[in-house]
Amino acid sequence: GDLYEQPLARLGTVEEHRIVHGTDPIHSLQFHPDGDRIFLWLASGECRVWSRARRLLLEAPRPQLRPNTQGATFNVSADGRWLASANGADQTAFLFPLDGPPEAAPLVLRRGDVSVTFGVAFPPDGRWLAVGDEGALSLWPLARDYPRVLAGPGGPLQGLAFDPHGQWVAAGGNDSQIWIWPLGGGSRHTVLDAGARIVTLTASP
């Protein structure tokens, strides 16, 4: 479960530096194109995101992969916008947006005529997601954006509002709670209690 780092320019001249310590073995890892974030797939099936600069785990999409499944993979697109995963045990691939709220539900890609998906890969321009299955390759177009679905409190959400700068969106309903989701990556939602049923919301300029 430990991850070590060593500059290639000083390979063999300095000791390696441990940047992540844990008891869950690391199955595989991948750098984000920004050079800071490292995506770690652990043997338990959990995916974690580590910041090299801040030396801490980040709030980010964390797909749950089936523990110790042969053929299960994940991949980050070259433009840093998407994280794709395949379990290696069903016909589903998942596509997580990395440029929005970390709690956004993934886009589910499924072919009914196959039983298992294995590898996932992106081209350098990020226009496609390739998904390998038992005997064929599926190419899913990524030329357009897809909806971001954010899980709320479970009841009707009547009041909705964006802040004037487009940095967050808020929603509220019958349970008196106001849920606020940052629209940039890196942080999760905040819940405020208004003390009464919410019919409408507005943000001050």
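User: How many bridges join β3 to strand β4, and in which direction do the two run?

Analyst: In this predicted model, 5 bridges join β3 to β4 (residues 37-42), and the two strands run antiparallel. Two strands count as paired once there are at least two bridges between them, so β3 and β4, with 5 bridges, are a pair under that rule. Within this pairing, Ser28 stands opposite Trp41 in β4.

User: What makes β3 and β6 the edge strands?

Analyst: The open sheet has 4 strands in the order β3-β4-β5-β6, with antiparallel pairing. The edge strands β3 (26-31) and β6 (56-57) each pair on one side only. The protein as a whole has 17 strands and 0 helices.

User: Why is the pair of Trp179 and Trp181 called tilted?

Analyst: The count comes to 1 aromatic pair. The ring centres of Trp179 and Trp181 lie 6.0 Å apart, and the limit for a pair is within 6.5 Å, so the two rings qualify. Their planes stand at 35°, whereas stacked requires under 30 degrees and edge-to-face over 60, and therefore the pair is classed as tilted.

User: How do you know whether Trp179 and Trp181 are buried or exposed?

Analyst: Buried means under 20% relative accessible area. Trp179 has a value of 11%, so Trp179 is buried, and Trp181 has a value of 4%, so Trp181 is buried as well. Across the protein, buried residues make up 39% of the 205 residues.

User: Why is Arg55 called partly exposed?

Analyst: The relative accessible area of Arg55 is 39%, and partly exposed covers what lies between the buried limit of 20% and the exposed limit of 50%, so Arg55 falls in that class. Arg55 is found in the loop between β5 (47-51) and β6, and Arg55 has a positive phi of about 60° although it is not a glycine.

User: Which residues does Arg81 touch, and what makes its approach to Asp99 a polar contact?

Analyst: Arg81, in the loop between β7 (73-76) and β8, touches Phe96, Pro97, Leu98, Asp99 and Asp145, not counting residues up to four places away in sequence. The side chains of Arg81 and Asp99 make a polar contact at 3.5 Å, and the cut-off is within 3.5 Å for a pair of N or O atoms, so the contact is counted. At 22% relative accessibility, Arg81 counts as partly exposed, because buried would require under 20%.

User: What makes up the largest nonpolar core, and which element gives the largest share?

Analyst: The largest nonpolar core has 12 residues in all, including Trp82, Ala84, Leu95, Phe122 and Tyr146. The elements that give two or more residues to this core are β8 (82-86), β9 (92-97) and β12 (128-133), and the largest share, 3 residues, comes from β8. Apart from this core lies another one, of 11 residues, among them Val49, Leu58, Phe74 and Leu83. In soluble globular proteins, nonpolar side chains tend to be buried together.

Methods:
Residues numbered from 1 in each chain as written. Predicted model: local features only at pLDDT ≥ 70, side-chain atom pairs only at ≥ 80, totals over all residues. Heavy atoms only, no water. Buried < 20%, exposed > 50% of the residue type's maximum accessible area, 1.4 Å probe, protein only. Core = buried A, V, L, I, M, F, W, Y, C linked by side-chain atoms within 4.5 Å. Contact = heavy atoms within 4.5 Å. Polar contact = N/O pair within 3.5 Å; in protein donor to acceptor, adjacent residues only side chain to side chain.
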